[in-house]
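Have the coordinates open as you read.

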Amino acid sequence: QVQLAESGGGLVQPGGSLRLSCAASRSIFSINAMGWYRQAPGKERELVAQITSGGYKNYANSVKGRFTISRDSAENTVYLQMSSLKPEETAVYYCNADMGWVGAKKLHYWGQGTQVTVSS
C-alpha cells in the first residue's frame, strides 16, 4: 500500500512556472517508478514525466526542455518543476506510483490530483 499526496497546483499565467510535490507514505526506493500524469477535460490521461528508483528520467515529448522531475529520498517526495507553461496544459495533475509486477499483476497507486490552470 502506498498513499500519495500532491500539492503545488494553482493558477499561473502563460509562460509562468509552477512546482508540484508528491509525498509518498513509503520509501520511494521501494517503488519501481514515480511519475506525473495529467488529464484535461474530455481528454485521456497522459504521462508527463517519470523517474525510476534508479534515477532514470523519462518525459513526454511535449514537455522536454521545459519540465524537470526530481526527488528527495529523505522526504519520500517527488517534484515536478514546470516552466513556460501553456494554456493547453491546464489539467488535473496526478502523482503515480508504479510498483511493477507483483505476482501476476501490475500494481500502481494514484494520488487525488492537483489542479493546474494556465490562463491570463
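In this predicted model, E89 and R38 pair up through their side chains in a salt bridge, at 3.4 Å from N to O. The two sit far apart in the chain: E89 is in the loop between β8 (77-82) and β9 (91-102), R38 is in strand β4 (residues 33-39), and 51 residues separate them. R38 has 7% relative accessibility, so it counts as buried.

E89 has another partner. Its side chain also meets that of R66 in a salt bridge, this time at 2.5 Å from N to O. R66 lies in the loop between β6 (57-59) and β7 (67-72), so this pair ties together parts 23 residues apart in sequence. Like E89, R66 is buried.

Now back to R38, which forms a salt bridge with E46 as well, with the closest N and O atoms 2.9 Å apart. E46 counts as partly exposed, because its relative accessibility is 35%. The whole structure has three salt bridges.

Some of these residues turn up again at the largest pocket, which has a volume of about 160 Å³. Its lining has 13 residues, and R38, K43, E46, E88 and E89 are the ones nearest its centre. By type, the lining splits into eight charged, three polar and two nonpolar residues.

For another spot, look at L18 in strand β3 (residues 18-24). L18 is buried because its relative accessibility is 15%, and its contacts beyond four places in sequence include V12, L80, M82, L85 and V116.

Note on methods: Residues are numbered from 1 along each chain as its sequence is written. This is a predicted model: local features need pLDDT of at least 70, side-chain atom pairs count only at pLDDT 80 or more; totals for chains, interfaces and linings use all residues. Side-chain values use heavy atoms; hydrogens and water are left out. Helices (H or I, at least four residues) and strands (E, at least two) are DSSP runs, numbered from the N terminus. Buried means under 20% relative accessible area, exposed over 50%, partly exposed in between (1.4 Å probe, protein chains only). Contact means heavy atoms within 4.5 Å. On a 1 Å grid over the protein atoms alone, a cavity is a set of points where a 1.4 Å probe fits but cannot get out, and a pocket is an open set with protein on both sides within 12 Å along at least five of seven lines; lining residues have an atom within 4 Å of a point. Grid points are joined across faces, edges and corners, and a volume is the space filled by probe spheres set on the points. Ala, Val, Leu, Ile, Met, Phe, Trp, Tyr, Cys and Pro count as nonpolar, Asp, Glu, Lys and Arg as charged, and the others, Gly among them, as polar. A salt bridge is a side-chain nitrogen of Lys or Arg within 4 Å of a carboxyl oxygen of Asp or Glu.
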